[in-house]
Amino acid sequence: MTRETTYNFNAGPSALPTVVLERAQAQLLDFEGNGMSIMEMSHRGKVYEAVHNAAIERMRKLYNIPEDYEVIFMQGGASLQFSMIPMNFLSEGETAGYVMSGSWSQKALKEAKMQGVAYEVASSKDNQFKNIPMDWNVQDNTRYIHMTSNNTIYGTQFKDIPEVNVPLIADMSSDIMSKPVDVSKFAMIYAGAQKNLGPSGVTVVIVKKDFLETAKEENPTVLQYKTHADSNSLYHTPPTFGIYMLGEVLKWIEEQGGLEAVDRQNEMKAGLIYDVIDASEGFYYGHADKDSRSLMNITFRVADEALEKQFLAEAAEAGFVGLNGHRSVGGCRASAYNAVPVAACEALATFMKEFQAKHA
């Protein structure tokens with residue numbers, strides 16, 4: 001297979017824009033005439049510093065991040081944030097609320113309970129996580145509420161953000177920069193880069209300064225958000241190549257017309273596949289309730305289990321990569337992140353129709 005004949009629907013690490021990879025390839029050995037790769041340069045030097053700061057500024061501009069928010073680049077993925085958030089913000093006598101919408105929110109709650117008292121604000125577990133739980137029950141003395149904006153395994157996504165009177169923290173690992181977001185609604189947003197922002201290894205944290213000032217200081221230095229905010233994410237060696245790539249992806253988003261244009265394209269891409277599912281008269285059926293469907297992760301089943309296995313096998317032979325559902329739930333999943341081209345979704349829709357025509 002070639003890049004032109006491979007349709008990458010991996011859930012993460014996932015597709016990167018071809019033009020970004022080509023630019024990185026052209027600069028791999030000699031970055032901007034410096035005779036070295038960006039990977040070989042000191043993170044304290046002026047060349048890398050310019051790349052680093054440009055990525056932060058592009059993120060601020062695209063997301064319209066207010067001045068009273070810090071943008072931090074970290075390591076450890078979203079999973080480290082599961083622990084760091086309660087370590088920094090949950091004190092004795094307080095509690096933290098978690099919205100249960102899938103596996104990752106369950107893992108976040110588990111880590112929070114290791115650090116303090118935490119509870120479920122709402123849950124769709126009884127509905128097999130087919131919907132986004134919107135009826136939130138916020139207890140007194142809640143320090144913050146944590147939510148997962150998009151659920152990769154179950155294919156659900158928040159369409160609206162409930163208004164709450166306590167700080168709201170969102171794990172946006174799988175839909176960050178896929179649409180415009182009102183950052184001011186959140187005390188903190190965090191995301192691993194490997195779905196919409198770049199290669200694995202970089203974690204973005206956007207945190208309101210006055211919320212950051214309330215963080216505890218008795219944690220190890222490298223596990224304090226303030227350490228990284230105060231050092232412009234340069235307290236220790238950052239993942240320099242990943243941040244360079246993140247900046248190039250942000251540049252690509254600008255070239256697409258910004259987040260409004262990317263959002264329109266994501267609506268169209270997901271619609272191509274959902275339309276086939278909905279018109280299949282039960283041959284295919286989606287996991288998520290229609291009003292909770294994700295634009296990023298389209299989860300579905302083939303009604304006949306034996307045919308489902310055949311569908312995935314034939315899809316793989318035809319160049320479709322990553323269509324197997326998560327190992328915990330099975331089925332099929334097409335992850336149509338920003339960099340997945342329209343042509344890939346058109347090809348998958350056509351393949352699904354043809355497969356049904358042969359086997360219905």
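This is a predicted model: local features need pLDDT of at least 70, side-chain atom pairs count only at pLDDT 80 or more; totals for chains, interfaces and linings use all residues.
Residues are numbered from 1 along each chain as its sequence is written, and side-chain values use heavy atoms, with hydrogens and water left out. Helices (H or I, at least four residues) and strands (E, at least two) are DSSP runs, numbered from the N terminus.

**Helix 2 against helix 7**

- The axes of helix 2 (residues 46–63) and helix 7 come within 9 Å and cross at roughly 40°. Axes here are lines fitted to C-alpha atoms, for helices over the stretch in contact, and angles run from 0 to 180 degrees between N-to-C directions.
- Helix 2 and helix 7 are therefore oblique to each other. Under 35 degrees counts as roughly parallel, over 145 as roughly antiparallel, 65 to 115 as roughly perpendicular, and the rest as oblique.
- Helix 2 supplies Tyr48, Val51, His52, Ala55, Arg58, Met59, Lys61 and Leu62 to the contact (heavy atoms within 4.5 Å). Helix 7 supplies Thr240, Ile243, Tyr244, Leu246, Gly247, Leu250, Lys251, Ile253 and Glu254.
- By class, this contact of helix 2 with helix 7 has 10 nonpolar, three polar and four charged residues. Ala, Val, Leu, Ile, Met, Phe, Trp, Tyr, Cys and Pro count as nonpolar, Asp, Glu, Lys and Arg as charged, and the others, Gly among them, as polar.

**Helix 1 against helix 7**

- Helix 1 (residues 18–27) and helix 7 (residues 240–256) have axes that come within 10 Å and cross at roughly 135°. That makes helix 1 oblique to helix 7.
- Helix 1 passes helix 7 in a right-handed crossing. From helix 1, Val19, Val20, Leu21, Arg23, Ala24 and Gln27 make the contact. Their partners on helix 7 are Tyr244, Met245, Glu248, Val249, Lys251, Trp252 and Glu255.
- The residues in the contact of helix 1 with helix 7 are eight nonpolar, one polar and four charged.

**Cysteines**

- The whole structure holds zero disulfides (pairs of cysteine sulfur atoms within 2.5 Å).
- For cysteine 332, the closest cysteine sulfur is in cysteine 345, 15 Å away and too far for a bond.
- Cysteine 332 is buried (under 20% relative accessible area; exposed is over 50%, partly exposed in between; 1.4 Å probe, protein chains only). Its relative accessible area is 2%.
- Cysteine 345 is also buried, with a relative accessible area of 0%.

**Backbone points**

- The peptide bond from glycine 12 to proline 13 is cis, with omega near -5°. Proline 13 sits in the loop between strand 1 (7–8) and helix 1.
- Glutamine 128 has phi near 60°, a positive value in a residue other than glycine. Glutamine 128 lies in the loop between strand 4 (117–123) and strand 5 (142–148).
- Serine 233 has phi near 65°, again positive in a residue other than glycine. The loop between helix 6 (225–230) and helix 7 holds serine 233. At 3% relative accessibility, serine 233 counts as buried.

**Tyrosine 119**

- Tyrosine 119 lies in strand 4. Tyrosine 119 is buried, at 8% relative accessible area.
- Tyrosine 119 touches Thr95, Ala96, Gly97, Tyr98, Leu109, Asn137, Val138, Gln139 and Thr142, not counting residues up to four places away in sequence.
- Tyrosine 119 and methionine 100 are 19 residues apart in sequence and 9.8 Å apart in space, C-alpha to C-alpha.

Definitions and conventions:
A crossing is left-handed if the near helix is turned anticlockwise from the far one by less than a right angle, and right-handed if clockwise.
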